[in-house]
Amino acid sequence: MSEPKNKKIKRIDELPEDLTVELPEHLVEYIISTYFPIQYVLQNRVVSKTFREAAIRSRDLDFGRIYSRRRSQSEVVHIIEEIFNQHKGSEINRFVLILNHIGVEDKVLSWVKTCLSKNIQELTLNFSKSKKVMDLSVDFSAIETLTVLNLRWCKFEIPNNTPKGLRLLRTLGLMKSNVTPEMIDAIFSNCIHLETLELTRCITHGVLSINAHNHKKFKELVLYCMPNRLQIILDAPTLECYKYEGFVRILDFSKVDALKEAKLHYIQNYNWRYYDSSNMVLANMVAYTGVHVLSTTNIFLEVFKERYIEGEMRSPIFKFLNLKEFSILLKAPNLCTLYHISEFLKRSPKVEKVLIDIKEFTFEPGMLWIIHQMSYMESSNCEFNSIKEVTIDGYKNHWHELDIVEFFCGHAKSLKKLKLFMPKNIKKRARGLDYARLDYIRSRFPGVKVEV
């Protein structure tokens, strides 16, 4: 019986190793020197005389890990310069450069121009090692072949906010760039295939408004460390992933329908003396009630408690009916206890995995826990029927951490595994393991595997 004509052809890196023996030597040389990443090509040139003398045609020039052997700056620049001087290929699909550009600006500009002349598709330039933004005098917005553009500490502008290229762009990442409302509008008007936008430590002021209403592929928005941004307005019906790090800000996600994952790394604003972010956290909460994966900090969790509203004690009414994975990062100052964790999980009936990260935090429950919350937890008959796995990362054998261990073992009816990871950097300072209490917990809940 003959094989079907549409049988899928395997990629080169999926083929058996001994298959190359059956190929002519010149063909093997051409395949490796052209289609394999430059790191692989360089390794072969070290061990093989044949490849040492072969022309360099690699289309994947990823120098992101060229410092892995602790080469000096001059050595790195020399290696990259030699590769570009010897490059005989007609195309370069990918160029990744992480470098201190000070003193070698002309060489960097030459490398980038060579890539532009060879139909570059994915370009990543990271000059954060220098802590100085580089102006390459290149109009990146005019490059027509790019699908991925990541610029870190590298100037990015769109002349007259009218890009001449970027029609094929799928991923745009900017760090330390000046981002204006007009630039954002130009990006979304021109880059119709855009899937991911990442802005890190960019200079913005006032309201950040993103209109992706007519985009069908826009899936991910990442906003890190942009303190001057006061409000975020997002019209993106297809957005699935939102990652944010910074002070709590007011959101308008009323036109976001498909959000499935949220990473909210809220940080405390110490410059505002009487700053209370809890009301803004609650005001934004409805945007995240439908997510499947949620990662956040204690600032988010602390709002899940009773508070006086219009003269009476009330609890938040929000429910997370689709949530499957929950991760909480606890950092000082912090009022969180087992009570807050439990109150949130009560509103998440489908959670299967819970991660509690306390590597930079040690519980110090105060009088509120001792007088009120602990007795409430002891009398609580809550059950969590979906939780299967719990991980405590940064476990130091603090007594309240053991309270959490015992609580999940007793109340998570489907729990199969509970992992405790002690931080390596402070392992000697962590308290000695309370084997008696751990053994007691294991004896009471033998169906749960507690790993330390």
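The model is a predicted one, so local features need pLDDT of at least 70, side-chain atom pairs count only at pLDDT 80 or more, and totals for chains, interfaces and linings use all residues. Residues are numbered from 1 along each chain as its sequence is written, and side-chain values use heavy atoms, with hydrogens and water left out.

Helices here are DSSP runs of H or I with at least four residues, strands are runs of E with at least two, and both are numbered from the N terminus. Helix α11 (residues 399-411) and helix α12 (residues 435-444) have axes that come within 10 Å and cross at roughly 5 degrees. Axes are lines fitted to C-alpha atoms, over the stretch in contact for helices, and angles between N-to-C directions run from 0 to 180 degrees. That crossing makes α11 roughly parallel to α12 (angles under 35 degrees count as roughly parallel). On the α11 side, the contact (heavy atoms within 4.5 Å) involves Trp 399, Leu 402, Asp 403, Val 405, Glu 406 and Cys 409. Arg 437, Leu 438, Tyr 440, Ile 441 and Arg 444 make it from α12.

Most residues other than glycine have a negative phi. Asn 119, though not a glycine, has a positive phi of about 60 degrees. Trp 153, not a glycine either, has a positive phi of about 60 degrees. This Trp 153 lies in the loop between β4 (148-152) and β5 (171-175), and is buried (under 20% relative accessible area, 1.4 Å probe, protein chains only), at 6%.

Conventions: Parallel < 35°, antiparallel > 145°, perpendicular 65-115°, else oblique. Buried < 20%, exposed > 50% of the residue type's maximum accessible area, 1.4 Å probe, protein only.
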